[in-house]
Amino acid sequence: MPAVKPLAAEIRTALAAITTATLTTILLKKGLRNVWLRGAMPIRTGQPRLVGRAFTLRFVPAREDLATPESWSSPISTRGAIEAMPEGVIAVVDSMGVQDAGIFGDILCARMQHRKVTALITDGVVRDLAGVLGTGLPVWCSGAAAPPSVAGLTFVDWQRPIGCGGVAIFPNDVIVADDDGAVLIPEALVEAIVPLAVEQERMEAWIMDEVNRGIPLPGLYPMNAETKARYEATKGRGE
């Protein structure tokens, strides 16, 4: 299994200031359209924007001889995966979008919080909702359900390529999650994406200031040559 690579502090800090909406625009310009994880939405309002390396977990459909409560004691289990998670990762779980089996409950989420995992993201659901909220672990999911994972899913592995919310995610890809959901940045593109996204945020902030001054949108958003020249001049003045 691939080791989790440290994420440079400057990259983490930069991405924490960039919306997932901006990131999807920048990634689209790079030719990547399928980067937003469907079904993974914040479990509560007010969660901070979070950034981390993807630590992947994978479920497949339940098979009666394997998906049993006894399987929770197996070395290949969600419990084993949690104990392998290093500090600072974002656990990304392929639950196949199953809505009637909660993958993690309050005890597992509490352990993840104790291990300083940054967040849990899944296209499925959690269980013991009040308890999960009480752990303080930031969670992005598609809801809650009372039945345990083995009622509809079989856990098979961690730190392998997965599909979560219809998006291909590999270990060490970078995830950014905020109120608009969770977005994948491929590991090989992170260093190229960050400066472009920082500039996009700066440009859009300037455009918003212009809108608030009453400037009409045609020629402003998107910029025509005259507007772009005005914007570039502000960078020279450090505005």
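I began with Met96, which I found in the loop between strand S3 (90–94) and helix H4 (106–114), where helices (H or I, at least four residues) and strands (E, at least two) are DSSP runs numbered from the N terminus. Phi of Met96 is near 60 degrees, a positive value in a residue other than glycine.

Before going on, I noted that this is a predicted model, in which local features need pLDDT of at least 70 and side-chain atom pairs count only at pLDDT 80 or more, while totals for chains, interfaces and linings use all residues. Residues are numbered from 1 along each chain as its sequence is written, and side-chain values use heavy atoms, with hydrogens and water left out.

I then looked up the peptide bond from Tyr221 to Pro222, which is cis with omega near 10 degrees; Pro222 lies in the loop between H6 and helix H7 (225–236).

Next I turned to helix packing, with axes taken as lines fitted to C-alpha atoms over the stretch in contact and angles running from 0 to 180 degrees between N-to-C directions. Helix H1 (residues 9–16) packs on helix H6 (residues 190–212) at an angle of about 40 degrees, their axes being 10 Å apart. H1 and H6 are therefore oblique to each other, given that angles under 35 degrees count as roughly parallel, over 145 as roughly antiparallel, 65 to 115 as roughly perpendicular and the rest as oblique. For the contact (heavy atoms within 4.5 Å), I listed Ile11, Ala14 and Leu15 in H1 against Val190, Glu191, Val194 and Val198 in H6. By class, this contact of H1 with H6 has six nonpolar, no polar and one charged residues, with Ala, Val, Leu, Ile, Met, Phe, Trp, Tyr, Cys and Pro counted as nonpolar, Asp, Glu, Lys and Arg as charged, and the others, Gly among them, as polar.

For helix H2 (residues 20–29) and H6, I found axes that come within 9 Å and cross at roughly 125 degrees, and H2 and H6 are therefore oblique to each other. On the H2 side, Thr22, Leu23, Thr25, Ile26, Leu27 and Lys29 meet Ile193, Leu196, Ala197, Gln200, Glu201 and Glu204 of H6. The contact of H2 with H6 has six nonpolar, three polar and three charged residues.

The largest pocket is lined by 14 residues, of which Leu66, Ser71, Ile76, Thr154 and Phe155 lie nearest its centre.

Terms used: On a 1 Å grid over the protein atoms alone, a cavity is a set of points where a 1.4 Å probe fits but cannot get out, and a pocket is an open set with protein on both sides within 12 Å along at least five of seven lines; lining residues have an atom within 4 Å of a point.
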